[in-house]
Amino acid sequence: MRDYGQPRIVVIGGGTGLPVLLRGLKQYPVDITAIVTVADDGGSSGRIREDLHIPPPGDVRNVLAALSDVEPLVEEMFQHRFNTSNELSGHSLGNLILAAMTSITGDFVHAIQEMSKVLNVRGKVLPAANQNVVLHAEMEDGTVISGESKIPYSGKKISRVFLTPQNIRPLPETIQAIRQADMIVIGPGSLYTSIMPNLLVPRLGLEVCRSHAKKVYICNLMTQAGETLGYTASDHVKALYDHMSCAFIHTILVNNEEIPEDVQLRYNEELAYPVQYDLPQLSELGIEVVHADIADLEDGALRHDPKKVAEILYNLLIAETKRRYKA
């Protein structure tokens, strides 16, 4: 087998799921590129976005912290959120630093690159677009909800989501990373508000469809009220296909262990239930199903186990690179 250097993996997502996955992946000898959503318009990110007219820094900040290799105190400082009675209240220091660096360099992407050096980041972190985008959801009754933070609280079922403005452009580096990838990982994360906003960026989603890389979808552990209530694993996949107009997933990773009853009861109060992996329907879609005990409880919250998921992905990646580059 020829030496092509470290295998290349592109991970696409946002929210709380992406950083968890990346903390596990960075322990392996892989070339990581994280493509991060810029549709967030709530909390500290939303305030900075509105006040300074720059892409929201929150999801990018969390990914930078996850891939960083610095003293724990430095990471803690970067992630520190102020709890005061003045204008700083609710802001995270990392968001403010990224905003300041954007002002100094004049460019959000350049700011991320400089912060990556400061934090000794393992891999590349790229926003899905270098501009503000707005996520909209058309509901089944035809009404349209605008704003990523508002969509889950509409009380209606989502028919489709879309972005404005019309002329959104992906970064050339993002397109290049997708074209060179040996594996593309989608998720985990909120289906309509963390994953879709990346894939709906013109050309970015098209390049994912065209890519010859192995494409793995990490299915969420629980359904999400306002987004995927009642969705099975195949429903998640079909929603992605409907928005992308192509069937692009080769493998889906699902949890096959029972969620503890006390945890389920707590999540049920939020109308969140374990995602059922409907094997016959997934097989009909021609998707390889990898199931394992990949759930983990962290600070009372259900998360994907970063070590287990990363190990599974690495083994899939090595098998894929051997298949693609064998002599």
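**Stop 1: strand 9**

Select Thr251, Leu253 and Asn255, which point one way from strand 9, and then Ile252 and Val254, which point the other way. All of these residues are buried, a term that stands for a relative accessible area under 20%, whereas exposed stands for over 50% and partly exposed for the range in between (1.4 Å probe, protein chains only). In a regular strand, the side chains alternate between the two faces of the sheet. Strand 9 covers residues 251-255, and five of its five residues are buried. Helices (H or I, at least four residues) and strands (E, at least two) are DSSP runs, numbered from the N terminus.

The model on the screen is predicted, so local features need pLDDT of at least 70 and side-chain atom pairs count only at pLDDT 80 or more, while totals for chains, interfaces and linings use all residues. Residues are numbered from 1 along each chain as its sequence is written, and side-chain values use heavy atoms, with hydrogens and water left out.

**Stop 2: the neighbours of strand 9**

Which strands pair with strand 9? Two strands pair if DSSP finds at least two bridges between them. Tyr217 stands opposite Ile252 in strand 9. To pass from strand 8 to strand 9, the chain goes through helix 10 (residues 233-244), and this β-α-β crossover is right-handed. Right-handed here means that, with the strands pointing away from the viewer, the path from the first strand over the helix to the second runs clockwise.

Next, select strand 10 (residues 288-292), which runs parallel to strand 9 and is joined to strand 9 by five bridges. His291 in strand 10 is the bridge partner of Val254.

**Stop 3: a link between strand 8 and strand 10**

Show the side chains of Lys214 and Glu288. They form a salt bridge, with the closest N and O atoms 3.4 Å apart. A salt bridge is a side-chain nitrogen of Lys or Arg within 4 Å of a carboxyl oxygen of Asp or Glu. Lys214 lies in strand 8 and Glu288 in strand 10, so placed that the pair links distant parts of the chain, 74 residues apart. Lys214 has 13% relative accessibility and therefore counts as buried, whereas Glu288, at 37%, is partly exposed.

**Stop 4: further salt bridges**

By the same rule, the count comes to ten salt bridges. One of them joins the side chains of Arg160 and Glu138, at 2.7 Å from N to O. Because Arg160 lies in strand 6 (residues 158-164) and Glu138 in strand 4 (residues 134-139), the pair ties together parts that are 22 residues apart in sequence. Arg160 is partly exposed, with a relative accessible area of 38%, and Glu138 is partly exposed at 24%.

Move to helix 13 (residues 306-325), where Glu320 and Arg323 are three residues apart and therefore separated by about one helical turn. Their side chains meet in a salt bridge of 2.8 Å, N to O. Glu320 is buried, with a relative accessible area of 7%. Finally, select Arg179, Arg203 and Glu207, which are linked in a network of salt bridges.

**Stop 5: helix 3 and Asp59**

Is helix 3 enclosed by the rest of the structure or exposed? Ten of its ten residues are buried, so helix 3 is largely enclosed by the rest of the structure. Asp59 belongs to this helix, which spans residues 58-67. Although buried, Asp59 has no salt bridge; the nearest side chain of opposite charge, Arg61, is 7.6 Å away. For charge, Lys and Arg count as positive and Asp and Glu as negative, while His and the chain ends are not counted. Leaving aside neighbours within four places in sequence, Asp59 is in contact (heavy atoms within 4.5 Å) with Gly14, Gly15, Val36, Thr37 and Asp40.

**Stop 6: helix 6**

Select helix 6 (residues 108-118), in which Phe108, Val109, Ala111, Ile112, Met115 and Ser116 are buried. These residues cover an arc of only 155° around the axis, which puts them on the same side of helix 6; the arc is that of the directions from the helix axis to the C-beta atoms. On the other side of helix 6, Lys117 and Val118 are exposed. The buried residues of helix 6 pack against helix 3, helix 4 (72-79), helix 5 (93-105) and strand 3 (124-127).
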